[in-house]
Structure formats: C-alpha cells, structure tokens
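Please read each point with the model open beside it.

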Amino acid sequence: MTVKAILDAKGRNVVTIAPDKKLADAAQLLSERGIGAVVVTEADGRIAGILSERDIVRVIGREGGNALDQPISRVMTAKVQRCHEQNTINEVMQIMTSGRFRHLPVEENGKIAGIISIGDVVKKRIEEVEREAEDIRSYIATA
C-alpha cells in the first residue's frame, strides 16, 4: 500500500496559504475547513512550510493574542518533512512517528501533490488488515 493509493481514494486537493498572510488568516482557514494544518506555498506551488493548530497555540501561549498579526512565515515550520506517492504506508508511519507530527505533504516534481494525515494512514492500514483477515477466513472456509 502506497501514498498514491491513499491520494487516489481521498483526493489530491490541498488547502494552501501564502507565507505573507497573517496568522489570524490561517487560524480562520483552519477553522472554516475543519482541518488541523495548512501547507504554506510560494506563488509557484513550491512548499514553503506547514502551519498546524499546535504552531498557532504555541505562539499565542508565548506572545499572547497579538501574535495573530504576525505573518505566517514567522511561525510556520519551514523545514517540512515530505513524502512521495511511491512511499509505502509503513514508511510514512515511521516518518510521522519519529517526527511526532500528524500531517505530511506529498511532493512531486518540487511541488505540492497532496497531503496525508495520520488519520488517512490509520484508516488505510485498518482496511488492509480487515481485508487480510477476510482473505484468511475465506481460505479457511474453502480448505
């Protein structure tokens, strides 16, 4: 099972925002879309960073409500871990677990091609285990 399979099932739409937008704009976008992170992209589609709800909470905790007037580029994680469509579910789980994050942009040819969350990965893994269990039950029933 690969990242491509996840994207084929869930779609490749990614919510993005420009790095010069204010943190308040990002918070509103996350709330409106019901998502936990937004990919920050340059005008040409290259990944500039990622901003999560946690990032926003941390900066507000340190600096107070005035932090919402800061540009996203000052708060976002600029060194973004990425994956590619050919990565396996196990590889992605390892990347997410070791980095302790829940969202992983998918990059192809230097540009954003999708995003997967830990929820997407767990869902696919459960489906895979259930399918394997059904295959075993069918095998035993016909043996």
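Predicted model: local features only at pLDDT ≥ 70, side-chain atom pairs only at ≥ 80, totals over all residues.

1. The protein has 143 residues, of which 36% count as buried. Its C-alpha atoms fill a box of roughly 70 × 30 × 25 Å along the principal axes.

2. There are 5 helices and 5 strands in the protein. Read from the N terminus, the elements follow the order α-β-α-β-β-α-α-β-β-α.

3. An open sheet is formed by 3 strands, in the order β1-β2-β3, with mixed pairing. Its edge strands are β1 (16-17) and β3, each of which pairs on one side only. Strands β2 and β3 run antiparallel and are joined by 5 bridges.

4. The largest nonpolar core contains 16 residues. Within this core, the residues with the most contacts are I17, L23, V38, V40, L51, I72 and M76. Two or more residues each come from α2 (23-33), β2 (37-41), β3 (47-52) and α3 (53-63). Helix α2 gives the most, with 4 residues. As general background, nonpolar side chains tend to be buried together in soluble globular proteins.

5. Which residues does I17 contact, leaving aside neighbours within four places in sequence? They are D25, A26, L29, V38, V39, V40, T41 and I72. Among these, V38, V40 and I72 are also listed with I17 for the most contacts inside the core.

6. A further core, of 12 residues, lies apart from the largest one. Its members include V3, C83, I89 and V92.

7. The last point concerns two helices. The axes of α1 (residues 3-10) and α5 (residues 118-142) come within 11 Å and cross at roughly 100°. Because angles of 65 to 115 degrees count as roughly perpendicular, α1 is described as roughly perpendicular to α5. On the α1 side, the contact is made by A5, I6, A9 and K10, and on the α5 side by D120, V121 and K124.

Conventions
Residues numbered from 1 in each chain as written. Heavy atoms only, no water. Axes fitted to C-alpha atoms, helices over the stretch in contact; angles between N-to-C directions. Parallel < 35°, antiparallel > 145°, perpendicular 65-115°, else oblique. Contact = heavy atoms within 4.5 Å. Core = buried A, V, L, I, M, F, W, Y, C linked by side-chain atoms within 4.5 Å. Buried < 20%, exposed > 50% of the residue type's maximum accessible area, 1.4 Å probe, protein only. Pairing = 2+ DSSP bridges.
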